[in-house]
Amino acid sequence: FGELRAGRPRAHLVCVLLIVFVAAASASHDAPQDGTHDPTNVTHKKGFPVLLFNYDHVRTPFEISLWILLALLMKLGFHVIPRVSQVVPESCLLIVVGLLVGGFIKAIGEKAPALDDTLFFLYLLPPIILDAGYFLPVRPFTENVGTILVFAVVGTLWNAFFMGGVMYGVCQLEGGQLASVDLLSCLLFGSIVSAVDPVAVLAVFEEIHINELLHILVFGESLLNDAVTVVLYHLFKEFSAVGTVTVLDGVLAVVCFFVVSLGGLLVGAIYGVLGAFTSRFTSHTRVIEPLFVFLYSYMAYLSAEVFHLSGIMSLIACGVTMRPYVEANVSHKSYTTIKYFLKMWSSVSETLIFIFLGVSTVAGPHAWNWTFVVVTVVLCLVSRVMGVIGLTYVINKFRIVKLTKKDQFIVAYGGLRGAIAYSLGFLLPDHPMKTLFLTAIITVVFFTVFVQGMTIRPLVELLAVKKKKETRRSINEEIHTQFLDHLLTGIEGVCGHYGHHHWKDKLNRFNKTYVKRWLIAGERSMEPQLISFYNKMEMRQAMMMVESGSSAKLPGLISMQNIQPKVESRGRTIPKISKGREEEIRRILRSNLQQTKQRLRSYSRHDLFADPFEDMNENLSEMRFRKQRVEMERRVRLRVNEGRSAEERLFCRVFPISA
Amino acid sequence: MGASQTRTEDVFQELSDKTGFSLEQIRILHKRFRQLSGEEDTISKENLEKIQALDKNPIRNQIIEAFFDKRNQNDGEVGSSREIGFQQFVKVMCHFKPPTLKMTTEDKEAMRREKLRFLFNMHDTDNDGTITLDEYRKVVEELLSKSGAIGLEAAKAIADAAMLEVASINVPHMEPHEFYEGITFEHFEQILKGLEMESRMNIRFLDVDTSTMHCGKSQ
């Protein structure tokens, strides 16, 4: 408690200092430039300048770093204050900070930086989506892909048209300032504000640990509705200028939708395959491995954006395609690097997005109209609920495991809007109603993030919604998952129809025979999944053991002895070993372990130190050996008082008489 | 002719009430049964072995054996039949039905237990009520059987690790001299608790007859 108390004022002090810095930085346009030379007139000789102030030179990187630092210190600050972060989701707190900073900057008369769309779409959004896509749990996603697509496509279309239509009606009824809003503008507004936002969903759902099915439904929907949003947005934007939409345009829009989504997926898949293929050859340049992952993914996003395809879907496709092959090829360190860099960037991006959202709210021009804004917020909720209920009714006819009312409620309530809607609004060309729209969008975003974000956690508790399973998958579960896959495929075969499992099985076999051979280096390409899982588990356990330094972490006191049938261990003649032989054995054991250490190469900036855990292939058996050695040491210590001598037992373990 | 048809309809209705399948689903299953048995009233192991779809399946033999296992009929008998009739066929298929929306938590628990029992019977080949280390090793070997030589060596290690895990979770404090006999049904339930069998071990049963819509072999 004492530590916390000390931390709080310190964090706050630094925050205040930083805010002052930021304000000072943005306010200092005319930093005096000392030391400028006048080439033609060297009449006076000034004293040699000891200290100069040249801010303009480093201005941009300095400000960017300062903003990022501020964002991260805020994040740090929240976790120092325990109670607040449990009630209020982080995203809300960050928006509030943004509001404060924006207010401060405005108060001192400066122009606050707005969340401009280039910054958002090209720099802040991709890391979050890549992080989500790379670590997307593929199995639940593919099992529910039908449901997700229905929600994403049909649900978003319903939301957009319903909202647009009803808004138009309301505007006409209301008259006055709103009468000038025509149908197309309303539809455009509807299409912007109807899409569920992946950033907001991630930020809120991260903290409530809901079960896998619901998480993947809402999150998958937020990712896949990007294609719909892109098409609708462009369609209405184009024709909002013209004024009319013909049937032909409608048909073209449908075609465009397929092109945008499938094209995005294709681009992503191509880059994914390229990335996987590249990673096959990186065994000698481990240091740059993570960069390939990041760059290929970013290129996939940018390439898709060039053609106005769905960048988000492209990024997801790239990450999902690349991942299994890259993970089989890269070293353990690169895997950790990729994981942590992705998490780091996405965390920073998310923080910055929410802070900027707050700042832009204060900065941006606003046009408040009570009717418009309130109707928008209410409509958002109503259309979402209606959409989810209606669609679930249809979907449940096709699902094996139906969605319950509780599930429907969470899906409906979890439909949060976020920064994407705001940026799309920002992107609008100078439309007469732009400020009105922006205000309404910001209000909806605030409402969903604050109200829905804060209340979803107590609601989840109240409704006793199933939470996420916390423990890691065990080897038994993995065995049975595979067993079930084959069993269900087999039963489908007996029943005679080609179902879901049949096609999945075919895809797996195709993957194993053709794709893996091209994209995975060396022997790992032939490794069945169960064995890779087992190896990974062993590796993890061995690392845990080495890190903890002792055998204290070994699960329980159960060992092989307890499960091997007694017949094997009885009747084993243990030869008496001489002291000399013992010494020899000890020497062999010791030197074996030392050999790994001697593989250190001479120091070079571009080399990683050789590490026993670097190449799983070569060192797995060695690790197993080490693990066994630790285990046998422990058991030797335990059984010191029993009949057999410790050395004899050591001998038996090292040279087991195979049954 | 008419009398026998109404009799079959009655039989179907009775089966539908007993097992929970819809009448249409039972009719489709019956059609498939006739196809497999070659228009006979019973099917034997040879009939099932002829199914092409099962060729590439590593646990083919276990699946076929499960149909003839008397324990899955819940009659209290043990052993293996040589032939089964339509009723027994449907009874086995019953294990793969999905849960309905109207089921209570207790119903779901019962369904889960039934499905786990089916899996347990598949592993416990000697009918003694426990899965011993050898039986478990065999299971993993079969799973990896289509993967060549790498499979066999690793199968032993994997089965051992899995058994260790079961023992550690269920009987955490065993003395070094105690011996863990085998996985009992309770332990089996315990280790697979996280998988939620009632949501996973399901296949879609057709409500609409699509067997005539196949282009190509449907066997």
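A salt bridge is a side-chain nitrogen of Lys or Arg within 4 Å of a carboxyl oxygen of Asp or Glu. The exercises below apply this criterion to a predicted model.

**Exercise 1.** Determine what links Arg137(B) to Asp134(B), and how the two residues are placed in helix α7 of chain B.

*Solution.* Step 1: the closest N and O atoms of Arg137(B) and Asp134(B) are 3.9 Å apart, and the pair forms a salt bridge. Step 2: both residues lie in helix α7 (residues 133-143) of chain B; because they are three residues apart, about one helical turn separates them. Step 3: Arg137(B), at 11% relative accessibility, counts as buried, whereas Asp134(B), at 52%, counts as exposed.

**Exercise 2.** Decide whether Glu289(A) and Arg286(A) are buried or exposed.

*Solution.* Step 1: the two residues form a salt bridge whose closest N and O atoms are 2.8 Å apart. Step 2: buried means under 20% relative accessible area. Step 3: Glu289(A) has 2% relative accessibility and therefore counts as buried; Arg286(A), with 11%, is buried.

**Exercise 3.** Identify the residues linked with Arg139(A) in a network of salt bridges.

*Solution.* The network links Arg139(A), Glu143(A), Asp485(A) and Lys504(A). Over all chains, the structure holds 25 salt bridges.

Terms used
Residues numbered from 1 in each chain as written. Chains lettered and ligands numbered in written order. Predicted model: local features only at pLDDT ≥ 70, side-chain atom pairs only at ≥ 80, totals over all residues. Heavy atoms only, no water. Buried < 20%, exposed > 50% of the residue type's maximum accessible area, 1.4 Å probe, protein only. Helix = DSSP H or I, 4+ residues; strand = E, 2+ residues; numbered from the N terminus.
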